[in-house]
Amino acid sequence: MNLRAIFPSNISAEVISGGIQNKGLVRILDYTLNDIPNKSEKYLIVTKCEVVCPALEMEFKAEESNEESGTIKKPKQETLVEHEAKAGTGIILKPKQETVAKSAAQIVYEQRENMAPAARMSLTRRVHPLVSLNPYQGNWTIKVRVTSKGNMRTYRNARGEGCVFNVELTDEDGTQIQATMFNEAARKFYDRFQLGKVYYISKGTLKVANKQFKTVKNDYEMTLNENSEVEEAANEETFIPETKFNFVPIDQLGPYVNGRELVDVIGVVQNVSDKVLLRRKMDNETVPKRDMTIADETKRTVVVSLWNDLATGLGQELLDLADKSPIVAIKSLKVGDFQGVSLSTIGRSTMQVNPDIPEAKRLRTWYESEGKGTTMASISAGLSPSFKTGARSMYSDRVALSHITGNPSLGEDKPSFFSVRVYVSLIRNDQGMWYRACKTCNKKVTEAVGSGYWCEGCQKNDDRCNLRYIMVLKVSDSSGDAWVSAFNEEAEKIIGSPADELDKLKSEEGTMNYQEKLKEATWIPHLFMVSVTQNEYNNEKRQRITVRAVAPIDFAAESKIMLEEIKKLTDSK
C-alpha cells in the first residue's frame, strides 16, 4: 500500500545530500498522523527517521502468498535481454549482469537478523523521546540510562509510614527526567534499577515537577507504580549517553551556599580522612561519614563530606589511592556553610574515580604540569567571619538598591547575590515576626493535644520550643527603597536581641517598650549580603530579596570603595 507522508525541514539536508531519494528505504522512528486542510486523506507527519539503504533498482510490491498453490509469488522483475552489439568504434557492449532483487520486507528482515537481540527488540516497539512526554499522553515506552540512583528512604506522615527512592534517567538525546517510586513500587524496582544500565520503561505517569525540589532540567517528573514495566536493554549501553555533569569551579561555589540547587564538582583529591560513625539526632541511627579535600584549576580547595555507602565503599578506595592524587567527579552535592563553604553528599549523589571524560584529562594535565607544585588555598580563606556563608566578601559585587529593583528578571534561572549598604527604614510588625520552632531541627511546631508542642519533622512532642525570627523589613539607600526578608540569625543582628527576649519584652513590659526597641533598630547603617530570586504569587512572578548576611560598617573599607569610584569618574573624563 502507499501512504502519503511529509518530512519536516530539519530532514531537508538528507534529501539534498541524496541520503533520502526516490525508491530509497527509510525506517520511520517517530511520527504523528494528521489531517491536512483541503486534503481528503490523512498524512503521516514524520518527525524522526533514518536511512536503511540507498535507492533500489526498481519499485517492488510486497510478497504475497498464493493460498491455492501454497507457494509464494515473487515480485515481478524486468526481463534482462542478453545481447552483444558492436558499435562503429569497435567497442563491444556486454549484457547487463543479472541482479538479485529483494523486497523491502526482505531487506529489513536481514538487517534485523544481523542485529543484537536487544536492538531487534527496540524495533518491535515505538520508543518515545523524553522531550515528547507530557501528563496527557496515553501509552508510551522510553529507553533510558540510569544516571543517578538515590538510597531507599523511609518517611512518616499523617497517612502512615512508607519508603521511597528516586532515579535520574537520561535518553539518547541527553534529555533527563526524575522518576520516583513509593512503597511497593520502591521495593519492586530498587534492586532492578542499576546505575549505568539501560532500560525500557512503560506504564508510568507524569506530573508537573515541583521546582523547589527538582534536580534535573525537565518541566515534568515521573512516578512509577507496581504495575509499571521496567525491562533491561542488555548490550545497548552505547546508545545512551553516560552521566552528564555540569561542573561548578570551586571558587564559584559561593552563590550556592545553603541553597536548594545541587552542584557537580570535579577535583584532585588532596587528602582523605578515616571513616567515623555519627549518631543522627532525628532517629538516633548511626551513619558512617568520611571527609576528603579536593582542589581544581582555580587553585582553591574545599572539603567534601561523604556519607553512608559513599563513605564506606568508594571512600575506602580513595583512602587507599590518596597518595596517587586520584581525580573524582561528583554529581548532586549540597553546598553548606560549615567552615565557610563545604560540600556534602546526599542520597542521590554519585561519584566516579578517575573518570574517562575530557574535564578529568584536562585537570590531570594541569595538575601534573603546574598544580602539583602550587600552594592551594581553601575557598573559605580570608573571608570575613561576619559573613558566615563565606561565599563572597562584603565589599565585592556592591550595587545600589535601584540596580536590583530596576531589573525584574534578576534571579530567574538561579539566585543572584549582591552586597548593599543600606539603612533599615521600617520593620513591619503588623504580622507575626517570629514562629515557634522545634529545639532540635528548628522546624515549625504546633501545639500538641494536652500540653507541649508537636514537631512533624522529628515526630515527637516537646515541653518547650524556641522562637525564631521571620521578619519583613524596608531598607533604603540613596537610590531608593526595597522590601527584604530576614531570618533568625540575620534578624538578631538587626534587632540586637533574640526573638525570645523581644517576645518577653512585649508581654511583660508592654507595647510601648516593644515599639521603642524596634525604633532603636531603624536608621542604623548595615552591610547586607542579599540573594535575589523569583517566586510566583497569583500567577505573577515577583522578586524576592532575602538577607543572607549582616555586618557592621567598616569605614576604612568604605573609604577605599569611594576613592575607587572617584578615580573611575576622574579617569572617564
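Predicted model: local features only at pLDDT ≥ 70, side-chain atom pairs only at ≥ 80, totals over all residues.
Strand β12, which spans residues 198–202, is mostly covered, with five of its five residues buried.

Among the helices, α10 (residues 499–508) and α11 (residues 511–520) have axes that come within 6 Å of one another and cross at roughly 145°. On the side of α10 the contact is made by L502, L505 and K506, whereas α11 contributes T511, N513, Y514, K517 and L518. Classified by residue type, the contact of α10 with α11 consists of four nonpolar, two polar and two charged residues. Two of the contacting residues, K506 and Y514, are also related by a charge placed over a ring, the charged end of K506 sitting 4.9 Å from the centre of the ring of Y514. A further arrangement of this kind involves K149, which lies over the face of Y190 at 4.1 Å from the ring centre.

The count of aromatic pairs comes to eight. One of them is formed by Y155 and F182, which are edge-to-face, with 6.3 Å from centre to centre and 90° between the planes. This pair links distant parts of the chain, Y155 lying in strand β9 (residues 153–157) and F182 in strand β11 (residues 176–182), 27 residues apart. Y155 counts as partly exposed because its relative accessibility is 27%, and F182, with a relative accessible area of 39%, is likewise partly exposed. Another edge-to-face pair is that of W434 and Y469, for which the centres are 6.4 Å apart and the planes are at 65°. Here too the pair links distant parts of the chain, with W434 in strand β24 (residues 434–437) and Y469 in strand β28 (residues 466–477), 35 residues apart. In this case W434 counts as buried because its relative accessibility is 18%, which falls under the 20% limit for burial, and Y469 is buried with a relative accessible area of 1%.

Methods:
Residues numbered from 1 in each chain as written. Heavy atoms only, no water. Buried < 20%, exposed > 50% of the residue type's maximum accessible area, 1.4 Å probe, protein only. Helix = DSSP H or I, 4+ residues; strand = E, 2+ residues; numbered from the N terminus. Axes fitted to C-alpha atoms, helices over the stretch in contact; angles between N-to-C directions. Contact = heavy atoms within 4.5 Å. Nonpolar A, V, L, I, M, F, W, Y, C, P; charged D, E, K, R; others polar. Phe/Tyr/Trp six-rings, centres within 6.5 Å; stacked < 30°, edge-to-face > 60°. Lys NZ or Arg CZ within 6 Å of the ring centre and 35° of its normal.
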